[in-house]
Amino acid sequence: MKTAESLSVAQARRVTLAAQGFTDPKPGGAADLRHLRRVLRRLHLIQMDSVNVLQRAHFMPLYSRLGPYPAALLERAAYQRPRELFEFWGHEASLIRADLQPLFRWRMARAGELAWGGMRRIVAEQPELVAWVLDEVRRRGPITASEIEHDAPRRTDHWGWNWSVVKQALEWLFWSGQVTAAERTTSFARRYDLPERVLPPAVLATPTPPAEDAIRALVDLSGRALGVAAEAELRDYFRLPTRECRVAIAELVEEGVLRPVTVRGWRPVAYLHRDAKLARRVDVATLISPFDPLIWQRERTERLFDMTYRIEIYVPKPQRLYGYYVLPFLLGDRFAARVDLKANRQTGVLEVPAAWLEPSAEPQETAQALAAELRRLAAWLGLDAIAAPVAGDFAGPLAAAVKAL
C-alpha cells in the first residue's frame with residue numbers, strides 16, 4: 001500500500017485481515033497443498049494445543065481462511081515427506097514452516113538460558129540420563145516418551161528414572177534441537193526422532209545465520225503476518241527477546257521494511273510493513289479459534305476490534321463470563337458474536353453451550369450468518385446436527401436461525 005503517516009483503526013483492521021489471509025480468494029473446490037502453502041506463507045507458523053473440545057487448535061486457522069478442507073492435508077504437510085512443517089517453540093508449541101528452521105537455531109543454541117527450569121536441571125544434574133535417552137532415540141526412533149520409559153532401568157539409587165524425568169530429558173533434547181517430532185500418536189503424544197531423519201535435506205544443509213540476522217528476519221516475518229503492529233506485537237509473534245527485537249526493528253525501519261505510523265486511538269507507535277495491503281473491503285464470515293494468530297495478542301485484539309477477549313478454559317466455571325471454549329465470529333471486518341462450542345462426537349452433535357452478540361453487531365444478519373457458519377463447521381467436523389444454544393444473550397435469535405436452516 002502507499003506509505004501513510006497515519007491510519008484509522010478501520011484501516012488498520014483491513015490491513016491486518018489482508019495480511020492474515022482473510023481477503024485471499026477461497027478455493028474453488030477442495031483445498032489442496034497449494035492453498036495450504038498460501039496460508040503458511042501468510043502466517044509462517046500455527047500454534048498447537050492439546051485441548052480437543054472442538055478440534056485440535058492447529059487445524060482451525062486453515063479452516064478459518066480456506067473453509068472446510070481435508071484435515072489430512074495438514075497432517076501430511078507436518079508428518080510426511082517432503083515435510084512442509086516442523087514442530088518447535090515458535091509462538092508457544094507450534095508447527096512452523098520447515099524452510100524457516102535455520103532461523104530458530106539461535107533459540108536451540110540458547111536452550112541453557114531459555115528452556116524451563118526442569119529441563120535445565122535434568123541436563124545439569126543427570127547428563128548421563130540425557131545421553132542415554134538421546135541414544136535410545138538414535139537407536140529406536142521414532143519413539144514416544146512412554147516407550148522409552150517402559151524399557152528404562154529402575155535405578156532409584158542413581159538416576160531415579162521415571163516417566164517425568166525421561167520426558168524432561170526428551171523435552172531438553174527437543175528444545176536444544178537434538179531431536180524433533182517425527183509424528184503424533186492418536187493420543188497426541190510426540191514420537192521423537194533425529195532431525196536428520198525428519199527434516200528435508202535442503203533445510204539441514206542451510207547454513208546457520210548469526211542470531212541477530214535470524215531475529216531480524218523473524219521480525220520481518222512478524223511484520224508481514226500482522227501488516228501493521230506495535231513493537232510488543234512484533235515481538236510476541238515469535239516470542240522474541242526484547243533487546244534484540246528492538247535492535248531489529250530499528251534496522252528494519254532504517255532499511256525501509258518497516259515504517260513508523262500512527263494508528264488513531266492507539267497509544268503505542270505502530271509499524272507498517274512495506275508489503276502491507278489495505279483491503280477495500282473484507283467479505284468473510286468465519287469462526288476464529290482462541291489460538292489463531294489473528295487474536296494471539298489480546299491487547300491488540302481489543303485495540304483493533306473493540307472486543308475484550310480471554311480464553312476461559314482455566315477459569316473456574318462460576319467465574320466464566322462467556323464459556324469454556326469460546327470462538328469469536330468474524331463477520332466482514334468486525335467480530336459480531338462469540339459462541340461457546342463443543343463437538344460431541346458420541347452423539348454427532350455440535351453443542352452450543354452459550355452464544356453472545358457483540359454490541360455493534362446487527363442481530364438478524366449476524367444470526368443468519370453465524371447459523372450458516374455453524375452448519376459448515378459441523379459438516380467439516382463430521383457432526384450431523386447442531387444443538388440449540390443454551391445460554392447467553394444471543395441464544396434465542398441464534399436458535400431460531402439454526403432452526404430455520
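**Exercise 1.** Find which residue of β4 stands opposite Gln47, and work out how β2 and β4 run.

*Solution.* Start at Gln47: opposite this residue, in β4, stands Ser94. Next, look at the two strands (DSSP runs of E, at least two residues, numbered from the N terminus). β2 and β4 (residues 92–97) run antiparallel and are joined by three bridges; two strands count as paired if DSSP finds at least two bridges between them.

A note before you go on: this is a predicted model, where local features need pLDDT of at least 70, side-chain atom pairs count only at pLDDT 80 or more, and totals for chains, interfaces and linings use all residues. Residues are numbered from 1 along each chain as its sequence is written, and side-chain values use heavy atoms, with hydrogens and water left out.

**Exercise 2.** Decide whether β11 is enclosed or open to the outside.

*Solution.* First, check burial (under 20% relative accessible area is buried, over 50% exposed, partly exposed in between; 1.4 Å probe, protein chains only). In β11 (residues 326–331), six of the six residues are buried, so the strand is largely enclosed by the rest of the structure. Second, compare directions: Val326, Pro328 and Leu330 point one way, while Leu327, Phe329 and Leu331 point the other.

How values were computed. Helix = DSSP H or I, 4+ residues; strand = E, 2+ residues; numbered from the N terminus.
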